[in-house]
Amino acid sequence: MKIIVVKGNQNTGKTTSIRLAYDIALYLGAAIITPRNIEDKPHNDFETVLFYNGKRIGFHSGGDLLKSFEEVIDDYKEKKCDTLVMASRNFKQTALDALFNGHEVMYLHKDKKDDIENVDIARNIVVNL
């Protein structure tokens with residue numbers, strides 16, 4: 001499975017960037033396989049699966065607990081996702097590399113809470129789906 005990790009400190013807009021990528025994919029014709037939570041708020045973490053360009057794409061914006069990443073990856077493998085887009089706090093790179101071992105991984109670094117950076121990250125995600 002290909003994993004796109006939006007990595008950054010707390011409150012830098014990782015979830016916002018992932019949500020924008022989700023919205024762009026929908027605008028470009030993606031179909032919803034698993035809907036987001038009805039109570040979903042703009043800055044709340046979310047998870048969903050889309051069908052886009054012939055592939056199943058998982059989105060998981062909660063990246064606060066390093067120990068839960070294995071469960072997240074296993075969950076999206078069970079959902080038969082080809083690609084997983086997920087958030088991660090700035091954990092040690094060696095710890096992340098060990099968790100993602102065996103997957104094609106792309107890291108996108110989120111440095112600040114900024115609308116232009118959010119859009120750039122979202123575009124980069126969609127181009128690499």
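The side chains of Lys 79 and Glu 47 meet in a salt bridge, with N and O 3.8 Å apart; the term covers a side-chain nitrogen of Lys or Arg within 4 Å of a carboxyl oxygen of Asp or Glu. Lys 79 sits in the loop between α2 (69-78) and β5, and Glu 47 in strand β3, so the pair ties together parts that are 32 residues apart in sequence. The model is predicted: local features need pLDDT of at least 70 and side-chain atom pairs count only at pLDDT 80 or more, while totals for chains, interfaces and linings use all residues. Residues are numbered from 1 along each chain as its sequence is written, and side-chain values use heavy atoms, with hydrogens and water left out.

**Salt bridges**

- The count comes to three salt bridges under the 4 Å rule.
- Lys 79 also forms a salt bridge with Asp 75, where the closest N and O atoms are 3.2 Å apart.
- Lys 110 and Glu 117 form another salt bridge, with 2.9 Å between the closest N and O atoms.
- Salt bridges that share partners join Glu 47, Asp 75 and Lys 79 into one network.

**Accessibility of the charged residues**

- Relative accessible area (1.4 Å probe, protein chains only) sets three classes: buried is under 20%, exposed is over 50%, and partly exposed is in between.
- Lys 79 is partly exposed at 23%, Asp 75 is partly exposed at 27%, and Glu 47 is partly exposed at 35%.
- Lys 110 is buried at 2%, and Glu 117 is buried at 13%.

**Sheet**

- Six strands form an open sheet of mixed pairing, in the order β2-β3-β4-β5-β1-β6; strands are DSSP runs of E with at least two residues, helices are runs of H or I with at least four, and both are numbered from the N terminus.
- The edge strands, β2 (31-34) and β6 (104-110), each pair on one side only; pairing requires that DSSP finds at least two bridges between two strands.
- From one strand to the next, the twist averages 25°.
- Strands β4 (residues 55-60) and β5 (residues 83-88) pair in the parallel sense over four bridges.
- Within β5, Thr 83 stands opposite Ile 57.

**Helix α4**

- Helix α4 (residues 115-127) lies across β1 (2-8), β3 (47-52), β5 and β6, with contact taken as heavy atoms within 4.5 Å.
- Helix α4 runs at about 170° to β6; axes are lines fitted to C-alpha atoms, for helices over the stretch in contact, and angles run from 0 to 180 degrees between N-to-C directions.
- Asp 115 is found in helix α4 and is exposed, with a relative accessible area of 64%.
- The C-alpha atoms of Asp 115 and Thr 16 are 9.1 Å apart, although the two residues are separated by 99 residues along the chain.

**Helix α1**

- Helix α1 (residues 14-27) has 14 residues and reaches 20 Å from its first C-alpha to its last, close to the 20 Å expected at 1.5 Å a residue; the expected span is 1.5 Å times one less than the number of residues.
- The buried residues of α1 are Lys 14, Thr 15, Ser 17, Ile 18, Arg 19, Ala 21, Tyr 22 and Ala 25.
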